[in-house]
Amino acid sequence: MAIAICPGSFDPITNGHLNIIERTAKLFDEVIVLVLKNPTKVPLFTDEERVDMIRSCTRYLPNVKVDAYSGLLADYAHQVKADALVKGLRAVTDFEYEFQMSLINKKLNPLLETMFLNTDSEYMYLSSSIVKQVGEGGGSIADFVPAAVREQIEKRIKENI
Ligand code: PNS
């Protein structure tokens, strides 16, 4: 059974993330969407909230599970015997950072491959930070995040202003 992990901070999940998860679910037997800590970011949502939001958006994908982990991604991947990490690449600007992460993860867990899926063109501009910025500025985030979690995201952004 081929197992993939879609890792990220998902703070919050966007339509771009969901697109990558859907496409990964077509390629692998099992997909684990894994909420991790990115030490360079201060999260708006707790790990539990992010896991719950991703679960409510991915219920229709039977081979997708959602989990959170506070340690190294490479260790988690070893524990669940994952074959690959799958990440979306939006533009050349993502590449250097993602390439560095993939090399570190391979060094820590030599059996682990990282695969990149090109983001579909309609999501090229999209990121969790952009969603938060638009929401903070009073703009509509309806086109950027899954409908199931839109209100929850809007509420938290407003509370945080
Ligand atoms: O969505 P992001 O914020 O770009 O995802 C980055 C993330 C969370 C995948 C990355 O920071 C990560 O893997 N964090 C867990 C700790 C780890 O394993 N770091 C890589 C080796 S230093």
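This is a predicted model: local features need pLDDT of at least 70, side-chain atom pairs count only at pLDDT 80 or more; totals for chains, interfaces and linings use all residues.
View 1. Helices (H or I, at least four residues) and strands (E, at least two) are DSSP runs, numbered from the N terminus.

Local features need pLDDT of at least 70 and side-chain atom pairs count only at pLDDT 80 or more, while totals for chains, interfaces and linings use all residues. Residues are numbered from 1 along each chain as its sequence is written, and side-chain values use heavy atoms, with hydrogens and water left out.

View 2. An oxygen atom of the ligand lies 2.5 Å from a polar side-chain atom of Ser9. For Lys41, an N or O atom in the side chain is 2.7 Å from an oxygen atom of the ligand.

**View 3. An aromatic pair.** The whole structure holds 3 aromatic pairs, where rings of Phe, Tyr and Trp (its six-membered ring) pair if their centres lie within 6.5 Å, and planes under 30 degrees apart count as stacked, over 60 as edge-to-face and the rest as tilted. One of them joins Tyr125 and Phe144 edge-to-face, 5.9 Å centre to centre with 70° between the planes. Tyr125 lies in the loop between strand 5 (113-118) and helix 5 (128-136), and Phe144 in the loop between helix 5 and helix 6 (147-160), so the pair ties together parts that are 19 residues apart in sequence. Phe144 is buried at 15% relative accessible area, whereas Tyr125 is partly exposed at 44% (buried means under 20%, exposed over 50%, partly exposed in between, with a 1.4 Å probe and protein chains only).

**View 4. The loop between strand 1 and helix 1.** Pro12 is in the loop between strand 1 (3-8) and helix 1 (15-27). The peptide bond from Asp11 to Pro12 is cis, with omega near 5°. Phe10 is found in this loop too, and its phi is near 45°, a positive value in a residue other than glycine. Phe10 is buried, with 5% relative accessible area.

Definitions and conventions. A polar contact is a pair of N or O atoms within 3.5 Å; within protein, one must be able to donate a hydrogen and the other to accept it, and residues adjacent in sequence count only if both atoms are side-chain atoms.
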